Amino acid sequence: MRARNRLAGLVAGSLLFALALAGAMVRGAATDTAPKAEDSLAKAAPVIEVKVPKPDENATPATYPVTSWLEAQIALAREGISSGSIDGIGGAQSTAALRAYQEREGIPITGVLDDDVKAHLVLMTPALTKIILSREDVARLQPIGKTWLEKSNQTALEYETALELVAERAHANPTLIRRLNPAVDWTQPAAGTIIVVPDVDRTAAMSKAAMLHISLSDHVLEARDEAGRLIVHFPVSIARMAEKRPEGELHVTVVIPDPNYTFDPEVFPESEEGRQLGRKLVLPPGPNNPVGVAWIGLDRPGYGIHGTPLPELVGRTESHGCFRLANWDARTLLDLAWVGLPVLVDP
């Protein structure tokens, strides 16, 4: 599902893009059923130069020193340390990711992308690459129903647009993908369209986790091994209502890739449609399923760790009750989790 077609070779030379990026993301409260939202661009957004530098000819193997927050986010993502949707902006989630990396590497924990950190955090391949939109990519796109009943009648809850598909495949914010590809017509991109994206593959699991740790105050989920060493670091959305935020030690009870989702009107008393239906509905799997592409159930009824149809809002908005990750991070966690895995939730 996540395989992608690449052009032969990597992006050669230097790619220079002027990116007018948003200074802030939408931060309003959202439930698991919130509609898709276009990213808003700040009128006075900074212009950021994004370069893929030539490798140091004296280095073996070739390395690419990190020169910007965009490259830092990509380098961190390759290490299993996520700053959320890659956007090139050094915000709170990027700072938290950098601090996690500094902790794991045993270097001073500052969260500052200074020259010392740039020298330590290097790329082994260029930050950007090109992919080709395939016929299969275009064929899988489909509109998503607006109501619970409409969604339950679909065969899958697939991507709605090519922009959504490409952004999620590249672990990136849709705004960044637009800015990297100003000539692409995103209303009807054809198969064969060449697209520049951050070069980030799904993180390979280094080992099974010995413990998951969720910090409610920091909106962070981390997996650690038996020695306490950090394996992965992800932003996470938590429940909007404090009384729905479990604390203490929980345990994983089930690990399910590509789950369906049962809509229960009793869980959504605010839903007018739910009150009229008066019955449960089963929604099919897919990246636009309310729990995304992964469900890791916990030993508290109705609670779990899962993906989301809105990865660019993870950590910035609040959930209906569960712990919500970007779909790509949720997939990585599937490989680390196991039934009985302790999950420590701190305030």
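The protein has nine helices and 16 strands, counted as DSSP runs numbered from the N terminus (helices H or I, at least four residues; strands E, at least two). This is a predicted model, where local features need pLDDT of at least 70 and side-chain atom pairs count only at pLDDT 80 or more, while totals for chains, interfaces and linings use all residues. Residues are numbered from 1 along each chain as its sequence is written, and side-chain values use heavy atoms, leaving out hydrogens and water.

Trainee: How are helix 1 and helix 2 oriented to each other?

Mentor: Take the axes of helix 1 (residues 69-78) and helix 2 (residues 92-105): they come within 11 Å and cross at roughly 50 degrees. Angles under 35 degrees count as roughly parallel, over 145 as roughly antiparallel, 65 to 115 as roughly perpendicular and the rest as oblique. So helix 1 is, relative to helix 2, oblique.

Trainee: How many charged residues are in the contact of helix 1 with helix 2?

Mentor: Contact means heavy atoms within 4.5 Å. Helix 1 brings Trp 69, Gln 73 and Leu 76, and helix 2 brings Ser 94, Thr 95, Ala 97, Leu 98 and Tyr 101. With Asp, Glu, Lys and Arg counted as charged, these residues divide into five nonpolar, three polar and, for charged, none.

Trainee: Is Gln 102 buried or exposed?

Mentor: Gln 102 lies in helix 2 and touches, among others, Ile 107, Pro 108 and Val 117. Buried means under 20% relative accessible area, exposed over 50% and partly exposed in between, with a 1.4 Å probe and protein chains only. Because its relative accessibility is 1%, Gln 102 counts as buried.

Note on methods: Axes fitted to C-alpha atoms, helices over the stretch in contact; angles between N-to-C directions. Lists of a residue's contacts leave out its neighbours within four places in sequence.
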